[in-house]
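Here is a brisk report on one chain and its ligand. Look at the backbone and the contacts as you read.

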Amino acid sequence: MVKNIIDVRNLSKSFDISSKEPGLKGTIKHFFQRQTKSIEVIKNISFEIKEGEIVGFLGANGAGKTTILKMLCGLIYPSKGSILVGGHMPFRRKENFLKKITLIMGQKQQLIWDLPPIESLYLNASIYEIDKFETKKRIQKLSEMLEIDDELFIPVRKLSLGQRMKSELLAALIHEPNILFLDEPTLGLDVNAQRNLRKFLRKYNEETNATICLTSHYMKDITSLCKRVICVHDGSISYDGKLDQLLKKLSPVKHILVVCRSEKDATKLENSGFTIKNKTNNEITIIVENNSTTSSLKKILNNFDIEDLYINEPPIDEIIGRILIKKNYDI
Ligand SMILES: Nc1ncnc2c1ncn2[C@@H]1O[C@H](COP(=O)(O)OP(=O)(O)OP(=O)(O)O)[C@@H](O)[C@H]1O
Ligand SMILES: [Mg+2]
């Protein structure tokens, strides 16, 4: 049986924020007597992640995804509940724990701006006590996987966003962590760079069996990498399970556009018992349940004279948009 590498129980996190009454009076009062109030941004969540899993955290802006990842890395400590990551309590930041994990944030950089990445890489490696020979070997392997080369010798400030992100990734993986926390790693990258990064992550996961926790607002990242998603809604978990099951539940139908040879055929199809979405001349769109797609297609092809056929599913972004605003799913 695959063991749990992350175990989160009844986790909550509150932040103290200053609370000022509106208006000038409020400002003066606040100046002399600072008022704070506590807001709970993570509310009693529990989940487990198995070794080698790739899990996507989905949620609207401000839902709490980054806060969860920060707690899993030990950057901030929980207000309530317990977290075990690779058998460690993250907020203790023990050396053995730090050697196992890495955090990559699309909007933050850890490479030194004026130096070429290669120098930061050797510096990082020495922090993790990796010798020069081993460092060279790892850089070679990772740069091959990431398809970067000359860029490592150019100062970071001169690199494009995509080149910088690859270098960031290399730096974050130099100590060969087996748990990766990625907070919007593809932010701002062009479609090809996003695709390459996803390809790299999939390969890294396959080759090393690393566990990956990922947040992204690009749905392609989630659909192409994560079999499982955890949806976060206002600090609570609204769904934890298979992505395809969630999508099926939220989009139980397909639209089939049928182009008939003549308008007469289209009219015949219109009156044959299918649910019709619309019809114009010889084109007709019918709605079928996901589980009867094959039988419907057979029926259409066997009984009607068809010129062409298109099967459309609702766009994934539209479905995910619905996920983000929902509080609960019973699947
Ligand atoms: N240090 C902090 N002090 C006070 N409030 C905070 C702090 N960090 C986060 N928050 C609040 O916690 C909530 C969750 O923030 P978080 O950054 O985790 O959201 P998110 O799901 O990552 O959103 P996004 O998709 O925009 O990145 C927000 O309301 C945010 O304002
Ligand atoms: Mg965030």
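N10 counts as exposed, because 12 C-beta neighbours lie inside 10 Å and the class takes in counts of 12 or fewer. The model shown here is predicted. N10 is part of strand 1. Its phi is near 45 degrees, a positive value in a residue other than glycine.

**Positive phi and exposure**

D234 also has a positive phi, about 50 degrees, although D234 is not a glycine. This residue sits in the loop between strand 8 (228–233) and strand 9 (236–242). Is D234 exposed or partly exposed? D234 counts as partly exposed, because 15 C-beta neighbours fall inside 10 Å.

| Residue | C-beta atoms within 10 Å | Class |
|---|---|---|
| K20 | 14 C-beta atoms | partly exposed |
| R261 | 13 C-beta atoms | partly exposed |

**Two loop residues**

K20 lies in the loop between strand 1 and helix 1 (23–32). Which residues does K20 contact, beyond its neighbours within four places in sequence? They are G26, T27, H30 and Q35. G52 is another matter. K20 and G52 are 32 residues apart in sequence, and their C-alpha atoms are 46 Å apart in space.

R261 is found in the loop between strand 10 (253–260) and helix 10 (263–270). It is partly exposed, because 13 other C-beta atoms lie within 10 Å. R261 touches D305 and E307, with residues up to four places away in sequence not counted. D308 is 47 residues from R261 in sequence. In space, the C-alpha atoms of R261 and D308 are 8.6 Å apart.

**Domains**

The domain assignment gives two entries for the chain: domain 1 (4–11 + 45–248) and domain 2 (253–313). How far apart are the C-alpha centres of domain 1 and domain 2? The distance is 45 Å.

**The ligand shell**

Now to ligand 1. The residues around ligand 1 are F15, I17, V41, G59, N61, G62, A63, G64, K65, T66 and T67. By class, this shell has four nonpolar, six polar and one charged residues. Strand 1 (4–18) and helix 2 (65–73) each supply at least two of the shell residues. Which element gives the largest share? Helix 2 does, with three residues.

**A helix pair**

Helix 9 (residues 243–250) and helix 12 (residues 316–324) pack with their axes 10 Å apart. The angle between them is about 95 degrees. Helix 9 is therefore roughly perpendicular to helix 12, a class that runs from 65 to 115 degrees. What makes up the contact of helix 9 with helix 12, by class? The contact has five nonpolar residues, no polar ones and one charged. From helix 9 come L246, L247 and L250. They meet I319, R322 and I323 in helix 12.

Technical notes
Residues numbered from 1 in each chain as written. Chains lettered and ligands numbered in written order. Predicted model: local features only at pLDDT ≥ 70, side-chain atom pairs only at ≥ 80, totals over all residues. Domains from an automatic or database assignment. Near = placed C-beta within 6 Å. Helix = DSSP H or I, 4+ residues; strand = E, 2+ residues; numbered from the N terminus. Nonpolar A, V, L, I, M, F, W, Y, C, P; charged D, E, K, R; others polar. Buried ≥ 20, exposed ≤ 12 C-beta atoms within 10 Å, placed from the backbone. Contact = placed C-beta atoms within 7 Å. Axes fitted to C-alpha atoms, helices over the stretch in contact; angles between N-to-C directions. Parallel < 35°, antiparallel > 145°, perpendicular 65-115°, else oblique.
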